[in-house]
Amino acid sequence: MTELRFELPDGTIEGIRVHTLLNGGYAGRNQEDVAAHVAELAELGVPAPASTPALYAIAPYLAQQTDEVPVQHGRTSGEAEWALVITGPEPGDVLLTAACDHTDRELEVHGVAWSKNAGLDVLARQAWRLTDVADRIDSLTLRAWVDDDVLIQDGKLAELLPPEYWLNFLADRGLREPGVAVLSGTIPMLPGVDQFAGRWRVELGDPATGRAIELSYRVRRLPEFGEK
């Protein structure tokens with residue numbers, strides 16, 4: 001299991017061992033737009049999910065707080081997301097943080113779950129208690145930049161299914177328990193920006209307070225030795 005540690009706004013640190021890691025997909029709040037996106041991806045060879053929204057089980061050790069993501073080739077990219085991390089049984093024990101689901105785009109045409117299990121889920125080192133921002137969750141912002149601060153994603157949490165949707169989903173399946181982490185799914189990428197970048201930066205912002213949670217990492221290509 002992966003141990004994650006989060007600094008809260010009051011300076012306290014909460015740690016948790018993640019034993020279950022789940023990635024949301026096709027999780028836009030407007031499911032008609034999601035259906036159109038699924039059709040577009042199908043034309044590119046990406047298999048459609050059995051239903052939307054989708055949820056993918058990910059190896060828990062892939063949840064990391066890191067400054068570097070190793071990859072095997074040049075066609076991988078991040079996805080700006082928020083993440084829920086459950087640290088205890090009470091409503092105040094659900095943390096909200098920024099995340100980036102680094103995905104293998106070559107594998108994606110063979111299976112979305114495969115592509116997500118081939119890269120890290122990078123989580124920020126800071127978090128907010130979900131109860132502290134729940135009344136304004138839709139106004140929170142989600143942005144991502146690549147390489148030399150080129151904006152590639154820019155939206156609000158109102159575009160995605162809300163945290164409560166996923167918490168109810170977990171509760172219905174007996175998974176709303178400490179050690180479970182869920183990533184939200186992502187917002188659209190801006191056209192004309194190269195997603196196959198060497199650096200990613202993601203920010204979860206709260207316009208009401210001016211606070212933000214940020215993560216950043218570089219992508220490191222692993223050496224190749226050839227195959228016999």
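Glutamate 203 and arginine 143 form a salt bridge, with their closest N and O atoms 3.5 Å apart. Glutamate 203 sits in strand S16 and arginine 143 in strand S13, so the pair ties together parts 60 residues apart in sequence. This is a predicted model. The count of salt bridges comes to 18.

**Salt bridges**
- Glutamate 203 counts as buried at 16% relative accessibility, while arginine 143 is partly exposed at 26%.
- Salt bridges that share partners join Glu79, Asp101, Arg105, Glu108 and Lys116 into one network.
- Lysine 116 belongs to helix H3, and glutamate 79 to the loop between strands S7 and S8, 37 residues apart.
- Lysine 116 is buried at 5% relative accessible area, and glutamate 79 is buried at 10%.
- Aspartate 135 meets arginine 136 in a salt bridge of 3.3 Å, N to O.
- Aspartate 135 is exposed at 70%, and arginine 136 is partly exposed at 21%.

**Helix H5**
- Pro163, Trp166, Leu167 and Leu170 are buried in helix H5.
- Seen down the axis, these buried residues fall within an arc of 100 degrees, so they line one face of H5.
- They pack against several elements, including strand S3, strand S8 and helix H4.
- Just after H5, glycine 174 takes a positive phi of about 70 degrees.

**Second largest pocket**
- The second largest pocket has a volume of about 180 Å³.
- Strands S6 and S10 each give two or more residues to its lining.
- The lining has 5 nonpolar, 6 polar and 1 charged residues.
- Among the lining residues are Leu62, His102, Asp104 and Leu120.

Technical notes. Residues numbered from 1 in each chain as written. Predicted model: local features only at pLDDT ≥ 70, side-chain atom pairs only at ≥ 80, totals over all residues. Heavy atoms only, no water. 1 Å grid on protein atoms, 1.4 Å probe; cavity = no way out; pocket = protein on both sides within 12 Å on 5 of 7 lines; lining within 4 Å. Points joined across faces, edges and corners; volume = space filled by probe spheres on them. Helix = DSSP H or I, 4+ residues; strand = E, 2+ residues; numbered from the N terminus. Nonpolar A, V, L, I, M, F, W, Y, C, P; charged D, E, K, R; others polar. Buried < 20%, exposed > 50% of the residue type's maximum accessible area, 1.4 Å probe, protein only. Arc of directions from axis to C-beta. Contact = heavy atoms within 4.5 Å. Salt bridge = Lys/Arg side-chain N within 4 Å of Asp/Glu carboxyl O.
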